[in-house]
Amino acid sequence: MPSAGPDLIGVRPDEAFDVDRVAEWLSNRLPRAVGRPQVSQFSGGHANLTYLLTYEEDELVLRRPPIGPVAPSSHDMSREFHVLSRLWRSFEPAPRALQLCNDLEVIGAPFLIMERRPGVVVRGTVPAEFGAGSDPRANRLLAEVVIDTLATLHDVDPAECDLADLGHPDGFLERQVQGWHRRWEGAADQSSPIEEAVSSWLFTHLPTSPTPALIHNDWRLDNLAVDPADPGRCIAVYDWDMCTRGDPLADLGTLLAVWYEPDEVPATLNPMPVDAPGFLNRGEASERYARARGADLSQLDWYLVFGSWKMAVVLKQIHARWLRGQTRDDRFAEMGLGAARMLELAAGRIPTHRS
């Protein structure tokens, strides 16, 4: 039977695939994939679909894009496979990708197969094994591990794991602003003066990027799995389909966008237990990253606005898929309100001395 776990559910009917076809395809490529696996689905995440394949003596993970049309360059299984088939050599928390299938005859979409890296994923509240929020030391370790692991990734030499050709670092931020603005326009049913103002401010205040690094592009606490016996040890980092080489502070800004301060009203995305005693505040988290990498954070306000706005676009895209009937996942019904709230946060985080 599939492994038990809080993130595992039965496969949603509209997100099922032909298990026999997958089993046949894998049996010719992976000696460890013997027989027909039991399949369950990981319930977390809001975009790509992830499944656990349980064999008699092994477990594998299948990743595929969401059902229905997707934005160009989004949910890129080939990119994720390219990264994860190499990155594990230099970055231990990266699960190793084992196979890539681009034959749409198998399940109707590209998919990859990777090793399973089980651990505790923290979503919203601190789980019971770490004190349910009442242990300040455990709470602090959870805050530190998400920062420290990000700094470790950014210190990886791409050439050491054959990823020196990934992406195009030159002009990275300019393309990011242009690209995410186009995605907003593709998902929105009407214009938004707030989005126009924020994206315009970002484009006219582009900072000078530091030395390029490997970046994850969706870094957050609930994309990490930590050791059940040690909340300060990262076992795995998930969701690498947007990984590239670019400005490392874009990763930091994405993370800090949902590292809410006490006077901020959180949007409905990527909650972290920021109110738990001992958990670092946003300033402490920024300082820890700066110390770890010797990073200049004098322009951090731009990256915070960028990360907030980018998260708003992500939520808008997810909500649009739900409105268009491309997914029946009812978690997505409130994403439109979350997008509006993240836009308000982005606008409110624009420093008045640079507006």
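Mentor: Helix H1 (residues 19–27) lies across strands S2 (38–42), S3 (49–54), S4, S5 and S6. Helices (H or I, at least four residues) and strands (E, at least two) are DSSP runs, numbered from the N terminus. The model is predicted: local features need pLDDT of at least 70, side-chain atom pairs count only at pLDDT 80 or more, and totals for chains, interfaces and linings use all residues. Residues are numbered from 1 along each chain as its sequence is written, and side-chain values use heavy atoms, with hydrogens and water left out.

Trainee: At about what angle does helix H1 run to S5?

Mentor: Axes are lines fitted to C-alpha atoms, for helices over the stretch in contact (heavy atoms within 4.5 Å). Angles run from 0 to 180 degrees between N-to-C directions. For H1 and S5, the angle is about 115°.

Trainee: In what order do the six strands of the open sheet stand?

Mentor: Two strands pair if DSSP finds at least two bridges between them. The pairing in this sheet is antiparallel, and the order is S1-S2-S3-S4-S6-S5.

Trainee: Which strands stand at the edges?

Mentor: An edge strand here has a single partner strand, so one of its sides is left without a neighbour in the sheet. The strands at the edges are S1 (8–9) and S5 (97–101).

Trainee: Which residue in S6 is the bridge partner of Val 61?

Mentor: Four bridges join strand S4 (residues 59–64) to strand S6 (residues 111–115), and the two run antiparallel. The bridge partner of Val 61 in S6 is Met 114.
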